[in-house]
Amino acid sequence: MRILKKPTALMSIIALALGLILGATALFQSGWRVGSGGITRAVRGKVCLVAPLAASVFYVDEKQVETSRANDRELCESLTAGEHTLLLAAPGSWPWIKKITVTAATPTHRYRAFTLSQNITKITLDPGTKEYILAQNALVTSLVPSPSSPLRSADGTRALWYEPEARSLTAEWRGEKRALPRAFCEEDACVNTITLLANVVEPPRALAFAPGRDDIVLIAAGVGIYALEITATPERNFQPIYNGTSPTLVPNDATSIYVGDGSTLFRIALDVGL
């Protein structure tokens with residue numbers, strides 16, 4: 001009988017060891033850690049991106065995690081505490097990149113990305129046509145917004161202006177304080193006013209919100225037109241739209257803008273997402 005008890009005792013020890021290993025693994029996967037301060041639960045977070053285009057590939061820390069589909073453009077990933085680099089890439093488009101820090105105070109991050117085409121199609125307007133005259137009049141009467149006369153978003157919650165003396169481009173939240181967007185926060189610090197560009201070398205000839213978006217400003221300056229992300233973080237996504245001689249711009253509708261460069265006028269469609 002003693003001979004039979006030895007395997008039973010051994011099996012009990014093995015079962016106990018396996019139980020401890022499986023339990024420890026489950027605790028680890030749930031975020032619990034053992035440190036000098038004892039057993040604590042590690043901070044975990046979540047990030048979600050809304051991709052403007054189908055077939056957009058979402059990377060976290062250079063690792064591909066998900067691809068958007070035509071009927072599902074929200075991409076989410078669970079993250080550990082600390083710094084992470086997000087990248088959204090779509091075929092033929094400029095990449096969107098964001099560095100974030102997951103903390104106990106800011107465990108969840110959500111962004112509306114934009115990935116503009118690297119080969120934007122522009123349609124040249126024929127002089128004398130109704131559309132040409134309409135675009136020409138709009139471009140001639142367009143003024144660069146100032147602190148006393150800022151540009152307002154469609155819902156009135158955001159304002160944009162350029163200050164020549166300070167050579168700065170500023171965005172301001174004018175909605176309810178409790179509704180302040182995450183874009184106006186850098187980690188745990190939130191502000192109502194953001195200096196998007198300082199010490200501007202070439203003053204803008206025109207500013208506009210991107211079609212259908214209140215978190216992207218279009219800038220006509222120097223020889224080009226560019227899209228700039230409105231965010232409090234110092235690293236802002238900046239994507240080129242048009243390169244010419246001395247262009248200016250005005251919004252056209254919910255999906256396009258008019259561009260004037262010398263005597264030539266264009267209509268440019270911009271798919272910046274919902």
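**Entry 1**

I began at L151, whose bridge partner in β12 is L160. Before going on, I noted that this is a predicted model, where local features need pLDDT of at least 70, side-chain atom pairs count only at pLDDT 80 or more, and totals for chains, interfaces and linings use all residues. Residues are numbered from 1 along each chain as its sequence is written, and side-chain values use heavy atoms, with hydrogens and water left out.

I then looked up how β11 and β12 (residues 158-163) are joined, and found two bridges and an antiparallel run. Strands here are DSSP runs of E with at least two residues, helices are runs of H or I with at least four, and both are numbered from the N terminus. Two strands pair if DSSP finds at least two bridges between them.

Which sheet do they belong to? An open sheet of four strands, in the order β11-β12-β13-β16, with antiparallel pairing. β11 (151-152) and β16 (193-197) are its edges; each has a single partner strand, so one side of each has no neighbour in the sheet. As a reminder to myself, strands of a sheet pair through backbone hydrogen bonds, either parallel or antiparallel.

**Entry 2: the whole protein**

I counted two helices and 23 strands in the protein. Of its 274 residues, 39% count as buried, meaning under 20% relative accessible area, while exposed is over 50% and partly exposed lies in between (1.4 Å probe, protein chains only). Among contacts between residues at least 6 apart in sequence, 51% join residues at least 24 apart; a contact is heavy atoms within 4.5 Å.

**Entry 3: a second sheet**

Next I followed the order β10-β23-β22-β21, which is also an open sheet of four strands with antiparallel pairing. The edges here are β10 (122-124) and β21 (248-251), each with a single partner strand, so one side of each is left without a neighbour in the sheet. On average, neighbouring strands of this sheet are turned by 30° against each other, direction ignored.

Inside the sheet, six bridges join β22 to the antiparallel β23 (residues 264-269).

**Entry 4: two aspartates**

I stayed with β22 (residues 256-261) to look at D261, which lies in this strand. What does the side chain of D261 reach? I found the backbone nitrogen of T245 at 2.9 Å and the backbone nitrogen of S246, also at 2.9 Å. Polar contacts are pairs of N or O atoms within 3.5 Å; within protein, one must be able to donate a hydrogen and the other to accept it, and residues adjacent in sequence count only if both atoms are side-chain atoms.

D261 is buried yet has no salt bridge, and the nearest side chain of opposite charge, R205, is 6.7 Å away. Lys and Arg count as positive and Asp and Glu as negative, with His and the chain ends not counted. A salt bridge needs a side-chain nitrogen of Lys or Arg within 4 Å of a carboxyl oxygen of Asp or Glu. Leaving aside neighbours within four places in sequence, the contacts of D261 include Y242, G244, P247 and F266.

For D271 I went to the segment after β23. D271 counts as partly exposed, at 46% relative accessibility. With neighbours within four places left aside, D271 is in contact with P52, L53 and L116.

**Entry 5: salt bridges**

How many salt bridges does the structure hold? I noted nine. One of them joins D214 and R112, with the closest N and O atoms 3.8 Å apart. D214 is in the loop between β17 (206-209) and β18 (216-221) and R112 is in strand β9 (residues 108-112), so the pair ties together parts 102 residues apart in sequence. D214 counts as buried at 17% relative accessibility, while R112 is partly exposed at 27%. R112, R158 and D214 are linked in a network of salt bridges.

I also looked at E176 and R178, whose closest N and O atoms are 2.8 Å apart in their salt bridge. E176 is partly exposed at 46%, and R178 is exposed at 77%. In the salt bridge of D215 and R213 (2.8 Å, N to O), both residues are buried.

How values were computed. Axes fitted to C-alpha atoms, helices over the stretch in contact; angles between N-to-C directions.
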